[in-house]
Amino acid sequence: MALKSIHTFALLFLFVTFMKLSYHSEAANGDKSGLGASFIFGDSLVDAGNNNYLQTLSKADIRPNGIDFKASDGSPTGRYTNGRTIGDIVGEELGQPNYAVPFLAPNSTGKAILYGVNYASGGGGIMNATGKIFVNRLSMDIQIDYFNITRKQIDKLLGASKARDFIMKESIFSITVGSNDFLNNYLLPVLSVGARITESPDAFIDDMLNHFKNQLTRLYKLDARKFVIGNVGPIGCIPYQKTINQLKENECVELANKLAIQYNGRLKDLLAQLNDNLPGSTFVHANVYALVMEVITNYDKYGFTTATKACCGNGGQFAGIIPCGPTSTMCEDRSKHVFWDPYHPSEAANVLLAKQLLDGDQNYISPINLRQLRDL
């Protein structure tokens, strides 16, 4: 009788142990292939709905935004495009069964966070003053504060040791930020709230990079190891800038692009420095500027009919003044426009950009591409 009880207890103990191990394995990996979670930081280029939960002037939760987003049956989700963002597409291709949930959404709890969390915010930037014309937005500092909360939740779900491995070895930290620091800070009219009142371009870029270095180091101290950092795109070529500056179709705003190029060169140096100085880290540089400029310059080669006019918008030659909303004019074929609205790429353009980040060569993504980063 005693032997039977011991035998039963042993079987029960093995069963419980097996179930625990299965839960942690499933929670950490699900049916994904080598990607633990996708943690996304940045601005409206990758915001998946955080601004829906803020009292802000920067929102994309109205039609026809999201008209081609199949997961919501065409209803707006807070994404600033007609369909998926680059973050969504990259996550799908790397094996994520679910999109990274917006941190501020009610369902960003429990096991859902083990597939990834999106902290990006329309109007947000590296500098805390960036985007204040929108009233509310999440700066990079706040986004990292929020990741710190997620980090503690993952400890509770997996246990401290497994959580650390999950974050360090299996998860990717994707950061797309910097455009707003120019568009909605430094380049604002001098009599407004822009930093041009007090700082030279060199001094402002110094501040940006010093802040960004501290932010990336802070994520590293929270166990982030696999990073992909996008540089600033050709912001002088977006429909909004072309419209307000009354440019011709083949022209871009020189100052805006010059600032982006200056920042981008120094960002690449910073990432090389962090790769050398933070043991075990991999900082991948995504050359968004070159990628987007290639598509804008050779748009017809990629099946687009225009790289200057917004598909959804109003005002001026390039429909570039009023953001996309119910009263906007909208193109008939969204897949033929590089830009969805005055500021953001269409899903068709995002697919092209994501493909290069996933599988491209070192002209666009270095020192390795995103599939290689996942498998590292």
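Over the face of which ring does Arg-79 lie, and at what distance from the ring centre? Arg-79 lies over the face of Tyr-99, 5.5 Å from the centre of that ring. The model is predicted.

**Charges over rings**

- Besides the placement of Arg-79 over Tyr-99, the charged end of Lys-242 sits over the ring of Phe-318.
- The distance from the charged end of Lys-242 to the centre of the Phe-318 ring is 5.3 Å.

**Aromatic pairs**

- The structure holds 16 aromatic pairs.
- One of them is formed by Phe-41 and Phe-147, with 6.2 Å from centre to centre and 70 degrees between the planes; the arrangement is edge-to-face.
- Phe-41 belongs to strand β1 (residues 38–42) and Phe-147 to helix α3 (residues 140–158), so this pair ties together parts that are 106 residues apart in sequence.
- Phe-41 and Phe-147 are both buried.
- A further pair joins Phe-182 and Tyr-263, whose ring centres are 6.0 Å apart; the planes stand at 75 degrees, so this pair is edge-to-face.
- Distant parts of the chain are linked by this pair, as Phe-182 lies in helix α5 (residues 179–186) and Tyr-263 in helix α8 (residues 254–277), 81 residues apart.
- Phe-182 is buried, its relative accessible area being 0%, and Tyr-263 is buried with a relative accessible area of 0%.
- Ring pairs also link residues into a cluster, which consists of Phe-39, Phe-41, Phe-103, Tyr-119, Tyr-146, Phe-147, Phe-173, Phe-227 and Phe-283.

**Crossing of α3 and α4**

- The axes of α3 and helix α4 (residues 160–170) come within 7 Å and cross at roughly 125 degrees.
- Helices α3 and α4 are therefore oblique to each other, and α3 passes α4 in a right-handed crossing.
- From α3, the residues in contact are Arg-151, Ile-154, Asp-155 and Leu-158.
- From α4, they meet Ala-160, Lys-162, Ala-163, Arg-164, Phe-166 and Ile-167.

**Crossing of α2 and α10**

- Helix α2 (residues 86–93) and helix α10 (residues 347–359) have axes that come within 9 Å and cross at roughly 50 degrees.
- That angle makes α2 oblique to α10, and the crossing of the two is right-handed.
- On the α2 side, Ile-86, Ile-89, Val-90 and Glu-93 take part in the contact.

**Packing of α9**

- Helix α9 (residues 288–297) contains the buried residues Tyr-289, Leu-291, Val-292, Glu-294, Val-295 and Ile-296.
- These buried residues of α9 pack against α8 and α10.
- Helix α8 also carries Tyr-263 of the pair with Phe-182, while helix α10 also crosses α2.

- Gly-87 lies in helix α2.
- Is Gly-87 buried or exposed? Gly-87 has a relative accessible area of 15%, and because the cut-off for buried is under 20%, Gly-87 counts as buried.
- The C-alpha atoms of Gly-87 and Ser-38 are separated by 8.7 Å, although the two residues are 49 residues apart along the chain.
- Leaving aside residues up to four places away in sequence, Gly-87 touches Ile-40 and Val-46.

Definitions and conventions
Residues are numbered from 1 along each chain as its sequence is written. This is a predicted model: local features need pLDDT of at least 70, side-chain atom pairs count only at pLDDT 80 or more; totals for chains, interfaces and linings use all residues. Side-chain values use heavy atoms; hydrogens and water are left out. Rings of Phe, Tyr and Trp (its six-membered ring) pair if their centres lie within 6.5 Å; planes under 30 degrees apart count as stacked, over 60 as edge-to-face and the rest as tilted. Helices (H or I, at least four residues) and strands (E, at least two) are DSSP runs, numbered from the N terminus. Buried means under 20% relative accessible area, exposed over 50%, partly exposed in between (1.4 Å probe, protein chains only). A charge sits over a ring if NZ of Lys or CZ of Arg is within 6 Å of the ring centre and within 35 degrees of the ring normal. Axes are lines fitted to C-alpha atoms, for helices over the stretch in contact, and angles run from 0 to 180 degrees between N-to-C directions. Angles under 35 degrees count as roughly parallel, over 145 as roughly antiparallel, 65 to 115 as roughly perpendicular and the rest as oblique. A crossing is left-handed if the near helix is turned anticlockwise from the far one by less than a right angle, and right-handed if clockwise. Contact means heavy atoms within 4.5 Å.
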